[in-house]
Number of protein chains: 2
Amino acid sequence: MNKVYVIGMGPGAYEQMTVAAVEALKGCDVIVGYTVYVDLMKKYFPEKEFMTTPMRKEPERCRLAFEEAKKGRVTAMVCSGDSGIYGMAGLMYEIGEEYPEVEIEVLPGVTAAMGGAAVLGAPLGHDCCLISLSDLLTPWELIEKRLRAAAQADFLIALYNPSSKKRKDYLARACDILLEYKEESIICGIVRNIAREEESMNILTLKELRNTEVDMFSTVYIGNKMTKIIKHKMVTPRGYRYDRK
Amino acid sequence: MNKVYVIGMGPGAYEQMTVAAVEALKGCDVIVGYTVYVDLMKKYFPEKEFMTTPMRKEPERCRLAFEEAKKGRVTAMVCSGDSGIYGMAGLMYEIGEEYPEVEIEVLPGVTAAMGGAAVLGAPLGHDCCLISLSDLLTPWELIEKRLRAAAQADFLIALYNPSSKKRKDYLARACDILLEYKEESIICGIVRNIAREEESMNILTLKELRNTEVDMFSTVYIGNKMTKIIKHKMVTPRGYRYDRK
């Protein structure tokens with residue numbers, strides 16, 4: 001059987017991979033991925049063979065993996081976070097049509113929204129949206145429409161790809177849209193380098209977030225009306241009414 | 001140091017827990033949780049001490065955990081899926097205000113939306129919303145508003161708690177709202193008992209979903225305009241334009 005795994009490796013630390021992901025990677029002949037993630041995997045599985053392609057070479061990366069699987073080698077395509085959420089699983093199924101003899105198995109992982117939420121406290125305790133601010137693959141008008149919809153219905157929001165060298169002002173633009181619907185005082189959070197050595201977090205208001213620069217290693221959280229700060233953590237109650245002692 | 005972990009155990013299988021979750025559970029003196037999840041944990045950690053409270057006794061469950069931690073016992077509160085997404089992390093911080101001497105550490109896990117997505121293929125490959133249809137803790141009007149917002153902006157949607165004994169028609173009501181904005185032919189998916197022995201999945205149109213009964217062990221997925229079926233899987237492309245060979 002020719003087989004390729006599409007594996008969500010979580011935010012970056014070995015400990016945040018699932019047991020299934022670790023077992024599948026141990027059993028692989030070759031691990032394929034984006035250069036940065038493969039470098040992390042090399043630390044954890046130094047005995048393995050690795051293949052990489054740079055950013056924007058995702059279709060080539062998929063074909064690399066399928067070609068290896070076609071040779072009969074057990075192959076893993078690794079994705080940061082989850083394999084599906086802004087991950088490679090979709091493209092693997094699309095390109096997999098060219099390789100009908102290769103079976104695809106998707107293994108989920110902890111996506112950035114959840115990994116970062118645990119660092120901030122409990123920001124995503126109610127209905128939430130995940131929105132990427134990257135307009136590389138999505139028209140900005142659609143991103144804007146989704147921001148408006150999410151704000152109008154008071155969703156919690158996790159923003160992926162909030163910034164890059166070419167998109168320095170995108171987070172400010174997004175905040176301006178959210179501020180049309182949400183109060184300036186809404187609690188927000190930023191987590192940088194989730195589950196890595198340089199991990200850091202910051203809790204601030206939506207107004208402050210509007211004027212804060214973040215980098216591409218950040219995930220940004222927008223609270224809802226119920227979000228509050230408890231013991232320096234960002235917490236959104238689910239709505240349980242409980243009796244205080 | 002008095003410590004309580006809030007642990008996302010993933011969809012249910014041992015293999016879908018993170019390495020960090022397994023390590024924390026191994027190091028615990030006592031594991032607290034909802035009866036059904038604790039029964040799963042008993043299989044994986046038979047030597048541990050367990051404490052449970054039934055559904056709707058969440059505040060009592062939190063206090064049980066804090067009281068154990070206060071005695072100096074390392075304590076774990078387990079949640080199915082992620083610890084934050086419709087999990088106990090928020091309530092633990094709220095009730096934790098009564099126990100300032102106890103440190104809370106949140107460990108993320110694979111939430112049902114992601115675990116089930118991997119079974120269906122790659123339904124959540126683009127911006128998505130997680131919405132719970134339970135109106136136990138949220139007014140139905142707000143749920144309806146969020147469904148409308150999500151549909152209008154063509155979000156992918158994962159529906160949690162799509163049904164229960166008392167809410168048999170809620171999924172149909174939700175579909176009726178979505179059908180005001182989305183085509184009848186939109187691809188949808190249902191996954192039952194994610195990562196458990198009886199796991200099953202089903203791919204169907206939104207119109208068909210409207211007339212399908214699901215149970216409380218199901219997670220429901222609504223596609224966007226780009227969602228399609230490839231090799232009997234539900235796939236939403238991220239938008240990568242790739243050249244076919």
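## Exercises on a two-chain model

Helix α6 of chain B passes helix α7 of chain B in a right-handed crossing; a crossing is right-handed if the near helix is turned clockwise from the far one by less than a right angle, and left-handed if anticlockwise. Helices (H or I, at least four residues) and strands (E, at least two) are DSSP runs, numbered from the N terminus.

The model is predicted: local features need pLDDT of at least 70, side-chain atom pairs count only at pLDDT 80 or more, and totals for chains, interfaces and linings use all residues. Residues are numbered from 1 along each chain as its sequence is written, chains are lettered from A and ligands numbered from 1 in the order in which they are written, and side-chain values use heavy atoms, with hydrogens and water left out.

### Exercise 1

Describe how α6(B) and α7(B) cross, and list the residues that meet.

*Solution.* 

Step 1. Locate the helices: α6(B) covers residues 140-152 and α7(B) covers residues 170-178. Their axes come within 9 Å and cross at roughly 40 degrees. An axis is a line fitted to C-alpha atoms, for helices over the stretch in contact, and angles run from 0 to 180 degrees between N-to-C directions.

Step 2. Classify the angle: α6(B) is therefore oblique to α7(B). Angles under 35 degrees count as roughly parallel, over 145 as roughly antiparallel, 65 to 115 as roughly perpendicular and the rest as oblique.

Step 3. List the contacts (heavy atoms within 4.5 Å). From α6(B), B:W140, B:E144, B:L147, B:R148 and B:A151 meet B:Y170, B:R173, B:A174, B:I177 and B:L178 of α7(B).

Step 4. Sort by class: seven of these residues are nonpolar, none is polar and three are charged. Nonpolar here covers Ala, Val, Leu, Ile, Met, Phe, Trp, Tyr, Cys and Pro; charged covers Asp, Glu, Lys and Arg; the others, Gly among them, are polar.

### Exercise 2

Which residues of α7(B) are buried, and what covers them?

*Solution.* 

Step 1. Apply the cut-offs: buried means under 20% relative accessible area, exposed over 50%, and partly exposed in between (1.4 Å probe, protein chains only).

Step 2. The buried residues of α7(B) are B:Y170, B:L171, B:A172, B:A174, B:C175, B:I177 and B:L178.

Step 3. Because seven of its nine residues are buried, α7(B) is largely enclosed by the rest of the structure. The cover includes α6, β8 (156-160), α8 (206-210) and β11 (218-222) of chain B.

### Exercise 3

Determine how many residues of helix α5 of chain B are buried, and what follows the helix.

*Solution.* 

Step 1. Helix α5(B) spans residues 112-120, and nine of the nine are buried, so α5(B) is largely enclosed by the rest of the structure. Among them are B:A112, B:M114, B:G116 and B:L120.

Step 2. After α5(B) comes B:G121, whose phi is positive, near 130 degrees.

### Exercise 4

Locate A:Y86 and B:H232, and decide whether each is buried or exposed.

*Solution.* 

Step 1. Recall the background: most residues other than glycine have a negative phi.

Step 2. A:Y86, although not a glycine, has a positive phi of about 50 degrees. It lies in the loop between β4 (75-79) and α4 of chain A, and at a relative accessible area of 11% A:Y86 is buried.

Step 3. B:H232 is likewise not a glycine and has a positive phi of about 60 degrees. The loop that holds B:H232 runs between β12 (228-230) and β13 (233-235) of chain B, and a relative accessibility of 70% makes B:H232 exposed.

### Exercise 5

*Solution.* 

Step 1. The crossing is right-handed.

Step 2. A:E58, A:P59, A:C62, A:R63, A:A65 and A:F66 of α3(A) meet A:L91, A:M92, A:I95 and A:G96 of α4(A). By class, this contact has seven nonpolar, one polar and two charged residues.

### Exercise 6

State the domains of chain A and how many residues each gives to their contact.

*Solution.* 

Step 1. Domain 1 covers 2-110 and domain 2 covers 113-235 of chain A; such bounds come from an automatic or database domain assignment.

Step 2. The domain centres, taken over C-alpha atoms, are separated by 28 Å. The contact takes 11 residues from domain 1 and 12 residues from domain 2 of chain A.
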